[in-house]
Structure formats: C-alpha cells, structure tokens
Amino acid sequence: MSPAAQRALIVANPAAGRYRSAVVERLAAVCRARLTSVAVHRTTGPGDATDAVRRAVAEAPAGQRPDLVVAVGGDGTVREVAEGLVRQGADDTRAALFIVPAGSANSDYRMFWDDRPWQETLSGVLGPGHRAETRRVDLARLAETGAHVLLGSCTGLGAQILSRVKTLPGAGRERYARALAEAAAGYRPYPGRVTVDGVPLAEGPTILANVGGGRYRAGQFLLLPHSEPDDGLLDVCVIDGRTDPARLPELTRDGRHVGLPGAAYGRGRRIVVERLDGERLVLEHDGELQDRTGNTATFDVVPRALPVWAAAAP
Ligand SMILES: Nc1ncnc2c1ncn2[C@@H]1O[C@H](COP(=O)(O)OP(=O)(O)OP(=O)(O)O)[C@@H](O)[C@H]1O
C-alpha cells in the first residue's frame with residue numbers, strides 16, 4: 001500500500017481553460033481537514049509551476065517538504081509540475097503528483113483516473129488508500145531542449161491543431177475535435193522518418209508521429225492504445241500519407257487506426273522523429289507548441305522517473 005500523504009503543495013493555474021477559484025478553495029479545505037500542512041501556489045505565467053515545485057521540494061528542510069503535489073490545471077500545467085518534481089532526489093521520500101483536471105483536454109488526468117470525478121479519486125488518495133496507489137511513471141526527455149515529456153509529443157497535423165484551437169470559441173475537448181476536423185481538411189503530409197532504437201519504423205509522406213506516454217491525446221483520441229505508463233518504454237504511432245486525414249477523428253476515437261496499412265506502431269527506449277526536406281519539424285509536447293527544435297526530435301525514455309497517484313490496479 002502507498003504511504004499516506006501528510007504535507008501538500010497545491011499548484012493552480014488560473015489561466016487553465018476550466019479553472020475556477022472555488023475548486024481550489026474546496027480542494028484546499030478537503031486537504032486541510034486530512035493533512036498536517038497545506039500550501040497553495042497560484043501560477044503567474046509559463047514556467048512558474050516548475051520553479052514553485054522545485055523550490056518546495058529542494059529548499060525546505062526534509063521534515064517540511066511536501067509529499068503530495070497537486071496540479072490544478074490542464075496538461076501544460078501538469079507537465080510543468082512534473083518538470084519540477086523530476087529533479088528531486090531518487091529516494092523513497094519523493095513527493096507524488098496528483099492531478100485535479102482544470103484544463104481544456106485533461107489527457108493526463110484521463111491516463112491515471114479514466115475521467116472519474118476528482119473529488120472521488122482524491123478521497124482514495126487521502127483516505128485509507130485501497131483505491132489509489134502511487135505509480136512510478138516513465139517520462140521522455142526531449143534531447144534538443146532538455147525538457148521532460150509526460151503526456152506525449154506529436155508532429156504534423158497533431159501539432160497544427162494547437163494553433164487552430166486557440167481561434168475557436170469554447171474551452172473543452174469538443175474544441176479540439178473541431179480543430180482536428182478543420183485542420184485535417186486539406187492537410188498535406190510532410191516527408192518524414194521515425195526510428196526506434198536505431199531501427200527505421202516508417203519513412204515517407206507523414207501525417208503525424210505521436211510519441212508517448214498517454215494513450216489519449218486531446219482527451220479523446222486513442223493514438224497509443226497499447227501504451228503502459230510505467231513499462232520503461234516509449235510508444236510511437238506514425239500515420240502516413242495512405243490514410244485520409246479527414247478519417248483520423250473517426251479512426252483514432254477507439255484505436256482502430258492501429259493495424260491499418262497507413263499506420264505503424266512501435267515501442268522502444270530512444271525514438272527519433274525527423275523531417276527530411278530541410279524544413280522545421282512542426283512539433284508539440286504536452287499540448288504546447290515547441291519552437292526551439294529544428295528538423296529532428298530525439299526522445300529518450302527516463303524510466304519510472306515520476307511518482308504519480310493513480311487508480312489502484314483491480
Ligand atoms: N498566470 C498565468 N497566466 C498565463 N498563462 C499561465 C499562467 N500560469 C501558467 N500559465 C501557462 O498556461 C498554459 C496553459 O495551461 P494548461 O495547459 O494547463 O491549460 P489548458 O491549455 O486549458 O489545458 P489542456 O492542455 O489540458 O488543454 C501552461 O502552459 C502554463 O505555462
């Protein structure tokens with residue numbers, strides 16, 4: 001059984017798509033009723049969540065460090081909190097992450113709790129603990145930037161929808177569904193190659209390559225149906241130019257794309273994704289577009305790097 005938490009740090013992003021201050025207040029009250037100490041930090045901008053977590057886990061005396069860090073936000077916030085947590089020491093006193101979904105897509109939350117209400121899942125974390133456990137989850141390290149990836153990274157069409165989604169009204173998963181449908185119409189594949197542990201997996205016209213991580217992207221597209229978050233390996237799926245991009249929402253809704261001639265699926269420790277015509281590879285990870293990469297992205301697994309509260313195995 002995972003040890004019960006005693007000291008919580010709540011890191012909340014007021015700019016996340018479905019943030020409400022009442023949720024943070026309710027969460028803090030529930031934690032205060034059960035734990036020895038509870039601190040709340042509201043983020044001020046990009047990168048602040050990482051800094052706040054790093055300060056809390058590195059600078060406080062050992063007996064005062066949080067053993068539970070709650071990220072209130074979407075996948076971007078969760079990744080920033082994970083980045084702060086991954087640098088803590090490798091001993092068993094490491095703080096574990098719990099997610100309260102307050103973003104637009106909330107794919108990370110779905111990975112660990114399958115969309116159960118957070119109030120219910122939190123009570124498993126704070127209570128006797130038979131319904132929740134900490135899992136040591138794999139991360140990927142993107143060599144070109146040094147950043148850690150939790151949910152996954154996608155190129156091509158999967159990255160392009162992020163600029164489109166910002167122009168659409170609303171804040172939920174349906175906005176991503178509309179963005180994908182719009183971006184898919186008329187999308188032109190790029191010349192790409194994906195290599196897994198030095199062995200080519202796919203080469204040619206590419207619609208997207210998704211590396212991870214989480215099974216679902218945008219909270220709803222089951223791009224990596226075989227992914228296990230703590231198997232020490234990264235999964236990758238490449239959709240090539242034989243697939244009609246307009247069919248992707250339907251095919252990836254339940255993972256039917258895997259096994260079709262236009263999809264390749266692999267698993268390994270190092271995954272290299274390239275664009276071969278000299279143009280920049282359009283790439284996102286954890287729901288944020290990346291502009292510091294060139295035409296290659298190299299993902300190395302960091303096995304079992306992040307303790308996360310998740311549903312207990314049945
Ligand atoms: N105070 C702030 N003002 C503006 N942006 C912020 C602030 N604090 C954090 N951020 C940034 O907001 C970004 C978006 O947050 P997040 O991804 O959690 O929400 P979302 O986009 O609604 O959710 P999802 O990724 O699940 O769709 C994060 O990458 C983070 O860097």
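Colleague: Which residues are exposed on the other side of helix 5?

Modeller: Before the answer, please note that this is a predicted model, in which local features need pLDDT of at least 70, side-chain atom pairs count only at pLDDT 80 or more, and totals for chains, interfaces and linings use all residues. Residues are numbered from 1 along each chain as its sequence is written. Helices (H or I, at least four residues) and strands (E, at least two) are DSSP runs, numbered from the N terminus. A residue is buried if 20 or more other C-beta atoms lie within 10 Å of its own, exposed if 12 or fewer, and partly exposed in between, with C-beta atoms placed from the backbone. By that rule, Q119 and E120 are the exposed residues on the other side of helix 5, while W118, T121, L122 and V125 of helix 5 are buried.

Colleague: What covers the buried residues of helix 5?

Modeller: Here one looks for contacts, and two residues are in contact if their C-beta atoms, placed from the backbone, lie within 7 Å. The cover of the buried residues of helix 5 includes helix 1 (21–34), strand 4 (96–101), helix 4, strand 5 (132–142) and strand 17 (296–311).

Colleague: How should I read helix 2, and which of its residues are buried?

Modeller: One can begin with length, where the expected span of a helix is 1.5 Å times one less than its number of residues. Helix 2 (residues 48–59) has twelve residues and reaches 16 Å from its first C-alpha to its last, close to the 16 Å expected. Its buried residues are A49, T50, A52, V53, A56 and V57, and they cover an arc of only 165 degrees around the axis, which puts them on the same side of helix 2. On the other side of helix 2, A58 and E59 are exposed. Among the elements that cover the buried residues of helix 2 are strand 1 (7–12), strand 2 (37–42), strand 3 (68–73) and helix 3.

Colleague: How many of the twelve residues of helix 3 are buried?

Modeller: Twelve of the twelve are buried, so helix 3 is largely enclosed by the rest of the structure. The end C-alpha atoms of helix 3 are 16 Å apart, which agrees with the 16 Å that its twelve residues should span.

Colleague: Which helix gives the most to the shell around the ligand?

Modeller: A residue is near a molecule if its C-beta atom, placed from the backbone, lies within 6 Å of it. In this model 22 residues surround the ligand, and the closest are G17, G74, G76, G103 and S104. Helix 3 (residues 75–86) gives the most to this shell, with four residues. For the classes, Ala, Val, Leu, Ile, Met, Phe, Trp, Tyr, Cys and Pro count as nonpolar, Asp, Glu, Lys and Arg as charged, and the others, Gly among them, as polar; the shell has five nonpolar, 13 polar and four charged residues.

Colleague: Where do the domains lie in the chain?

Modeller: Domain bounds come from an automatic or database domain assignment, which for this protein chain gives domain 1 (7–130) and domain 2 (148–304). Their centres, taken over C-alpha atoms, are separated by 27 Å. The contact takes 17 residues from domain 1 and 18 residues from domain 2. On the side of domain 1 that touches domain 2, helix 3 gives the most, with seven residues, and the residues of that side divide into five nonpolar, six polar and six charged.

Colleague: Which backbone angle stands out at D115, and which at D286?

Modeller: Most residues other than glycine have a negative phi, and most peptide bonds are trans. D115 has a positive phi of about 65 degrees although it is not a glycine, and D286 likewise has a positive phi, of about 55 degrees. D115 lies in the loop between helix 4 and helix 5 and counts as exposed, with 12 C-beta neighbours inside 10 Å. D286 lies in the loop between strand 15 (283–285) and strand 16 (288–290), and is buried, with 26 other C-beta atoms within 10 Å. As for peptide bonds, a cis one joins G212 and G213, with omega of about -5 degrees.

Technical notes
Arc of directions from axis to C-beta.
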